[in-house]
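User: Could we go through this structure together? I would like to begin with how a helix is compared with its expected length.
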There are 2 protein chains.
Amino acid sequence: MSAPRPRVVIVGAGFGGLEAARALRRAPVDVLLVDRHNYHLFQPLLYQVSVAALPPSEIAYPIRSIFRRQRNLTFRIAEVERVDPVRRVVVMGGSEIPFDYAILAPGSVTSFFDNASIPRHAFELKDLPGALRLRNHLIRCFEAAIGADDPIERQAFLTIAVAGGGPTGVEVAGAVSELLRRLLRRDYPALPAGDVRVLLYEGGPRVLAAFPESLSAAAAKSLVRIGVEVHTHTLVESFDGHTLTLRSGESLRAGTLVWAAGVRATPLPATLGIPVDSTGRVAVLPTLQTREHPEVFVVGDAARVDTPGGTVPAQAPPAIQMGRTAARNVANALAGRPLEAFAYKDPGTMATIGRKAAVASIHGIRITGFPAWIVWLFVHLMQLVGFRNRIVVFVDWAWQYVFYRPASPIILSIDEETLHSKVLDDSARRT
Amino acid sequence: MSAPRPRVVIVGAGFGGLEAARALRRAPVDVLLVDRHNYHLFQPLLYQVSVAALPPSEIAYPIRSIFRRQRNLTFRIAEVERVDPVRRVVVMGGSEIPFDYAILAPGSVTSFFDNASIPRHAFELKDLPGALRLRNHLIRCFEAAIGADDPIERQAFLTIAVAGGGPTGVEVAGAVSELLRRLLRRDYPALPAGDVRVLLYEGGPRVLAAFPESLSAAAAKSLVRIGVEVHTHTLVESFDGHTLTLRSGESLRAGTLVWAAGVRATPLPATLGIPVDSTGRVAVLPTLQTREHPEVFVVGDAARVDTPGGTVPAQAPPAIQMGRTAARNVANALAGRPLEAFAYKDPGTMATIGRKAAVASIHGIRITGFPAWIVWLFVHLMQLVGFRNRIVVFVDWAWQYVFYRPASPIILSIDEETLHSKVLDDSARRT
């Protein structure tokens, strides 16, 4: 029997938590990785699931498979309720798990700000169930449109608004516009092509505000070309499932609102009993430790790291880099070595616009259009976890690209009760 | 403007309805095809989805895609409430659709006979949501077993009973046994291998009662070899989610019961106002018309066709053949030609037992073991609708076969509320 090794609890198996767990594979510790799902989600491609371009299984990878060979790691599927940094326990499923070190990577959730009506009716793209709900809803809208007698109703079913002009909003608006026009042309020829409307609302002066201005302009142009109506300086005020109202007071009929206008940290950091910022994040030390509890690290979307170049963005690459640094610092602390400061290496940013255009800004180099799409495709395929996923995703994409059709636009309700969706019921009631 | 053409309403896009709709593609009629889902399900492979060997999208094909080029066909997604053969209307979604001819192919549902407790706790394999629920439940049982302190509890989570020794029961028992042992070995090495138990209960004297006796014996032997405990002459009496009680009074702890012990027709035929048999089926004329209403045809699992060789079984091949005959008879009736009698051509029966064995009986030739599995694989791949599905399924199978691991064992709850499944909650309560 060897002496018990220090226990490192990692909360969240997103990009940050996964990388931290991996980086500890040779450390003399017992790692307990906890996530509410049994899979790691490749979130950058989530919008592709929502437009039926990829099946869910191809962007979700079972956590136990990933860590099959890592002997010092245990995985538990559970929802962590809170972390008590004073008693050094993680509370989950009614029981308390003690830790020597904790790396918190709980990620972020959608922020609806003060729009009380929106969470009830809008779709979000933060997890697989959400992406599938949006996919099912879009196809149900088409079925409802086919069944609608009133042309105004019909148009409303085919009007999709996207709030938020960041990468997620831009990608989903482009993909949805292409999906709907393609679906209409191929599977619903009875519907007038002009009925499909996709509107993108951005509160600021330009889409992709974090990108160089020239790329914002190129993205907006590409969006318009594939049928997206881009509205900047426009805020969505409310949505009741049928009518969308803008801050300006203007309103329009729409069957769908996708909310991609903001994120905030999950409620977990707030349970630590230490200060969090207005979006729920913990301002961590350069070592990624919390100021108050050096055994507790926070990484990814839940960590606020300010650098001379600005706050590190809530994206996958910084989360991965933070996860690695936090893991190394746990090992440093255990070995009595000085901890290292996190230094963010910006790999560049990119966003796709529909099926064959993208914008990318990589180390000062700006690429647009089809070449950027090829770069985007390559980067994402290389990042996908697991060899099998990589080839199957590639086959699927190649197929879609050549034959130009979504892979599996089926409505798949796990819950039979949801078969008669709100939209279909409403449609029946109106006709 | 041409004169309105006769309307043929087809209810159900399973094997029978799909074939009927296709067979009417050149007939001078307007076809309205109605199904509650927007996809056709390749039901013979459904059990493969339940063991995570195939993702759902690979056995479901969008109906609008299938009929994209069939100009005389309209598809509607709706639940048909009843059919009024006197007024010649189909009632769905609150509205009435008039028809000149109706081909009813509503299929079958699970029959629980008088076991009142079973529907609440057992899993069934009749549709995709059901298969996914079973898959999620099995993986949750493993997660619960990992968390269980009591060895009796742990074993109970890993005990799976299958009721019914027909092809579905045999296939799911074999596949589940292989999946669980494989999962345990690879992803849950902390669990004792002996804890996995798969029990198959058959009320009659042998499994696969419809097959020749030598194949039943071969199937039972193959099942035992891959770890299935086969109990014939044994009826399941009740199941409360934790304890399974047999008709004999014997009981055991089990986390899962899969019910594959019987089917009956959906409630639709009973709405016709004509006699149905004890399993809800309509005894149709040799022409597949109902005796009382010659404009109404019934095909597939909902039709009872008695031949000198016995009642035609509730399977895909007879459903397809009936769909074709019914469509031809609609065309015959319209053209004033005599109707033809349905003549069932038995293509043989087969069932897989786990990953590399099967039994098949084809025109008197009996094959067992690996050769039968190859035949089974080939027949099913060739039958799969759509070229893309065929190659992707093949890639997946080849992958699984070579690397011996399930393709995507992720727990995917569309409903976030279902995250904490009953089993996990129970487990937490007990520990």
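Analyst: The expected span of a helix is 1.5 Å times one less than its number of residues. Please note that this is a predicted model.

User: How many residues has helix α5 of chain B, and what does it reach from its first C-alpha to its last?
Analyst: Helix α5 (residues 128-147) of chain B has 20 residues and reaches 29 Å, close to the expected 28 Å.

User: Why is α5(B) described as largely enclosed?
Analyst: Of its 20 residues, 17 are buried, so the rest of the structure largely encloses α5(B).

User: Turning to the sheet in chain A, what is the strand order?
Analyst: Five strands form an open sheet in the order β5-β2-β1-β9-β20 (chain A), with parallel pairing. Its edge strands are β5 (73-77) and β20 (296-298), each pairing on one side only. From one strand to the next, the twist averages 15°.

User: How many bridges join β2 to β5(A)?
Analyst: Five bridges join β2 (residues 30-35) of chain A to β5(A). In one pairing, A:Leu33 has A:Phe75 in β5(A) as its bridge partner.

User: Which strands does helix α9 of chain A touch?
Analyst: Helix α9 (residues 316-335) of chain A touches β1, β9 and β20 of chain A, and its direction makes about 175° with that of β9(A).

User: And in chain B, at what angle do α1 and α9 pack?
Analyst: In chain B, α1 (residues 15-23) and α9 (residues 316-335) pack at about 35°, with axes 7 Å apart. The crossing of α1(B) past α9(B) is right-handed. Residues in this contact include B:Phe15 and B:Leu18 from α1(B), and B:Ile320 and B:Met322 from α9(B). By class, the contact has ten nonpolar, three polar and three charged residues.

Terms used: Residues numbered from 1 in each chain as written. Chains lettered and ligands numbered in written order. Predicted model: local features only at pLDDT ≥ 70, side-chain atom pairs only at ≥ 80, totals over all residues. Pairing = 2+ DSSP bridges. Helix = DSSP H or I, 4+ residues; strand = E, 2+ residues; numbered from the N terminus. Axes fitted to C-alpha atoms, helices over the stretch in contact; angles between N-to-C directions. Contact = placed C-beta atoms within 7 Å. Buried ≥ 20, exposed ≤ 12 C-beta atoms within 10 Å, placed from the backbone. Left-handed = near helix turned anticlockwise from the far one by under 90°. Nonpolar A, V, L, I, M, F, W, Y, C, P; charged D, E, K, R; others polar.
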